[in-house]
Amino acid sequence: MKKPSTTRRPATTRSAAKTAKKAPARETTRTASRTASRTASQTASRGAAKKPRTASGKHASPDVLAAAEQNAREGLQRRTEEGHRKAGRTPPTQKDGPAPRSTGASRVVDESIRDYPVVTEDEKLLALPDGRVQTPDFTRTDTWRVMRIMGEFIEGFDTLSKVRRGVTIFGSARTGPDDPQYHAAVEVGRLLAEAGFDVITGAGPGIMEAGNKGAKAAGGHSIGCNIELPFEQGSNPYVDTLVNFRYFFVRKTMFIKYSVAFIIFPGGFGTLDELFEAVTLIQTGKMYQFPVVLFGRHYWAGLVRWLQTRVLQEGKISPGDLDLMIMTDDPREAVEAVVAAYGAQRQRAAETSGDGAGRTGHRDVP
């Protein structure tokens, strides 16, 4: 009787079976290794997060911040000087004497209330008191500065009291006459003047100069609100009425009070500051029918996209808040938005005049 034949598995099959038995163990080992690696990475990440960094990625420290502040001030001066040079002028910082001033603050440096030299009145105001001084001179105290601030408000109100239809144009000081944005700002200033509006700027070079230039060319009133800086900024030659301020917040009040609209060209931190202040005042009901026009869609697109995808999506603002800003690349569209809003302001003033209000939300409109 024959024995039943036994089919033997090939060696490769036996090897595969052994490998299959060992696979779960190896997979478990690899999984544990990956988990440990991730845990170590997360731990290292948490440890790194304890060391704050600047927006550019540098480790934050007092030395780094001090260097950044110095670089920022020097960068501001370079950009301002660049704007003057592009317009064919010698920057005031490279002239022998100070630039002539029509009215307002003069750049006089008195004794500082800090241990190191302080140049601007803004910095003196924001400085911490020196506890070592027992009986400081009254003219170097905050009480005295309040009186100086009051005087600056009075001077600004008095000088600009006849402005009724002002439109402020903001933008970079480094923009030169060969830049398309410069030409657009000149056209905006011209169209505003032709429509009967006064043009207000920060009196500096670049976009500010372009706005004043367009207004003056069209026979309009060109106004400059200059600010005291650590260096002599100077004013552009197209300003008819110049007011010099020591304090940023006084100057910003003048921009808001005597404007019926803001037209904001591409610029830096100062431009962004004015943009968000205006939008905040509208959002909180301090101003009514005050158009904020962002000129240059390509430049502002990234900011608006961030506001939509991050700030709005997280509920930090409402959907309607984005409609507080108007975007355009057309000077005529920008001016038409201002004219339409001004008409709405006058209508509101007429409707509310019966109850004695006669307000547009931030100032009287004739």
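**Entry 1: a term before starting**

Two strands count as paired if DSSP finds at least two bridges between them. I needed this before looking up which residues stand opposite each other in the sheet. I also noted that the model is predicted.

**Entry 2: the whole protein**

I began with the totals. The protein has 366 residues, and 37% of them count as buried. Its secondary structure comes to ten helices and seven strands. I looked up the accessible surface, which is about 21,000 Å², with 55% of it belonging to carbon and sulfur atoms. I then took the contacts between residues at least 6 apart in sequence, and 69% of these join residues at least 24 apart.

**Entry 3: the sheet**

In what order do the strands of the open sheet lie? I read the order as β4-β3-β2-β1-β5-β6-β7, seven strands with parallel pairing. The edge strands are β4 and β7 (325-328), and each of them pairs on one side only. From one strand to the next the twist averages 20 degrees. As background, I wrote down that strands of a sheet pair through backbone hydrogen bonds, either parallel or antiparallel.

**Entry 4: strand β1**

I looked up β1 (166-170) next. Is β1 largely enclosed or open, and why? Five of the five residues of β1 are buried, so the strand is largely enclosed by the rest of the structure. Buried here means under 20% relative accessible area. I checked the two faces separately. Gly166, Thr168 and Phe170 are buried on one side, and Val167 and Ile169 are buried on the other.

I then followed the partners of β1. Three bridges join β1 to β2, and the two strands run parallel. Gly166 stands opposite Asp198 in β2. Between these strands the chain passes through helix α5 (residues 180-194), and this β-α-β crossover is right-handed. Toward β5, four bridges join the parallel pair. There Thr168 stands opposite Phe262.

I moved on to β2 (residues 198-201), which pairs with β3 in the parallel sense over three bridges. Ile200 has Ile223 as its bridge partner in β3, and Thr201 stands opposite Gly224 in β3. The unit formed by β2, helix α6 (residues 207-217) and β3 is right-handed.

Strand β3 is also largely enclosed by the rest of the structure, because six of its six residues are buried. On one face I listed Ser222, Gly224 and Asn226. On the other I listed Ile223, Cys225 and Ile227. Five bridges join β3 to β4, and these strands run parallel. Cys225 stands opposite Val243 in β4.

I checked which helix lies across this part of the sheet. α7 lies across β1, β2, β3, β4 and β5, and runs at about 160 degrees to β3.

**Entry 5: the nonpolar cores**

In soluble globular proteins, nonpolar side chains tend to be buried together. Which residues touch the most other members of the largest nonpolar core? I found Leu160, Phe262, Ile264 and Leu275, in a core of 36 residues. Several elements supply at least two residues each, among them α4 (142-159), β3 (222-227), α7 (248-257), β5 (261-264) and α8 (269-283). I also noted a second, separate core of 25 residues, which includes Ala185, Ala193, Ala215 and Phe295.

Leaving aside its neighbours within four places in sequence, its contacts include Thr168, Phe170, Phe255, Ile256, Ala278 and Val292. Thr168 had already come up as the residue opposite Phe262.

**Entry 6: Gly176**

My last stop was the loop between β1 and α5, where Gly176 is found. Is Gly176 buried or exposed? Gly176 is buried, because its relative accessible area is 1% and the cut-off for buried is under 20%. Not counting residues up to four places away in sequence, Gly176 touches Lys86 and Tyr182. I also looked up its separation from Gly83. The two glycines, Gly176 and Gly83, are 93 residues apart along the chain, and 5.9 Å separates their C-alpha atoms.

Key:
Residues are numbered from 1 along each chain as its sequence is written. This is a predicted model: local features need pLDDT of at least 70, side-chain atom pairs count only at pLDDT 80 or more; totals for chains, interfaces and linings use all residues. Side-chain values use heavy atoms; hydrogens and water are left out. A nonpolar core is a set of buried Ala, Val, Leu, Ile, Met, Phe, Trp, Tyr and Cys residues joined through side-chain atoms within 4.5 Å. Buried means under 20% relative accessible area, exposed over 50%, partly exposed in between (1.4 Å probe, protein chains only). Contact means heavy atoms within 4.5 Å. Axes are lines fitted to C-alpha atoms, for helices over the stretch in contact, and angles run from 0 to 180 degrees between N-to-C directions. A crossover is right-handed if, with the strands pointing away from the viewer, the path from the first strand over the helix to the second runs clockwise. Accessible areas come from the Shrake-Rupley method with a 1.4 Å probe; for residues, only the protein chains shown count as cover.
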